[in-house]
Amino acid sequence: MKTENISRRQAIRKMTTVAAAAAVCSQVPSLASVLAAEPESADAGSQPQDDPRVSTLKMEDFPLVYEGPDVVFHKLNDHLWIGNGHLMYNESIYLVEGQKSALLIDTGTRIADLDKIVARFTDKPIDVALTHTHGDHAGSVGCFDHFWMTQAEGIRVPRGYNGKVSYMENGKKFDLGGRTLEVFYAPGHTTDSVLFIDEANHIGISGDAFGSTNLLMNLDVSTFLASARATLKMMYEKQIYYMLPGHFDGTNAETTKRVFDLMNIAQGVLDGKLEGKPAQGNLNRIYTYQGVRFNYSDKRVR
Ligand SMILES: [Zn+2]
């Protein structure tokens, strides 16, 4: 990064307890091999590519399992499905299945009969949890009589929802039977943004926390910076190679490189060394690096 204000090596050195960080970085397997792997068997380096962190997967590479007016579902592997809607920008929802139960992460913008659609893919009971409560992620939560969300400043239960709501603490584990998803708080896009981390499978589901290449950074830059730093450390420690984002098109999974770059941009903006170009709207600055947009407000550079 020509405007990078600290080197990757310096950043890694700054993070305690990540001695293996550099090694992990150079051994990242491709997203295709991570998705294809059985738990605990992701074989680093088994499918060498020039830069495996840059995925060139297309949704057509995966079996199409449902196509309706509101959503299209593909099967990413035997226990993981993705639905993409089209009312916002390619909004993604994920169904993760364990041996006992399944978890639906996010509910899209407006998908009629989402409960019936996802019940086609698994015979396990399905619980629902949200990466955050924006309308393109929480929109169809009304199809379900219970869901999990995060309690955070300014966050309310989606309007009109009549079912039961449970709140997720940081570190909460969803044990699906042979598969566990751990909640990791990552505010920045919103106060309630969380990641769901599947350590055994080296993968996470990240909603809009890192933006799917277009991060809308609604909070203070320092809040996002702290989240990015903690997330990067967690990804190195748990060897989370990819996080599937809230608007996934096959190519824009979040990686350690992506989180590192965003962390560095946030640090540069805070230090006054980087400044985004003027933009319209509340987020009136955009800093662009390698096709990734960091949208922020100059009032929240603090
Ligand atoms: Zn959002």
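A residue counts as buried when 20 or more other C-beta atoms, placed from the backbone, lie within 10 Å of its own; with 12 or fewer it is exposed, and in between partly exposed. This is a predicted model, in which local features need pLDDT of at least 70, side-chain atom pairs count only at pLDDT 80 or more, and totals for chains, interfaces and linings use all residues. Numbering starts from 1 along each chain as its sequence is written.

Of the chain's 302 residues, 44% are buried. The chain has 7 helices and 17 strands, taken as DSSP runs (H or I of at least four residues; E of at least two) numbered from the N terminus.

In helix 6, the buried residues are Val-221, Phe-224, Leu-225, Ser-227, Ala-228, Thr-231, Leu-232, Met-235 and Tyr-236. They lie on the same side of helix 6, because they cover an arc of only 165 degrees around the axis, an arc taken over the directions from the helix axis to the C-beta atoms. Gln-239, which follows helix 6, has a positive phi near 55 degrees.

Leu-195 touches Thr-231 and Met-243, among others, not counting residues up to four places away in sequence; contact requires C-beta atoms, placed from the backbone, within 7 Å.

The average pLDDT (the predictor's confidence in each residue, from 0 to 100) is 87 for the chain, and 85% of the residues score at least 70.

| Stretch | pLDDT | Contacts beyond near neighbours in sequence |
|---|---|---|
| Residues 1–24 | below 50 | 29 contacts |
| Residues 39–50 | under 50 | 22 contacts, beyond four places |

Conventions: Two residues are in contact if their C-beta atoms, placed from the backbone, lie within 7 Å.
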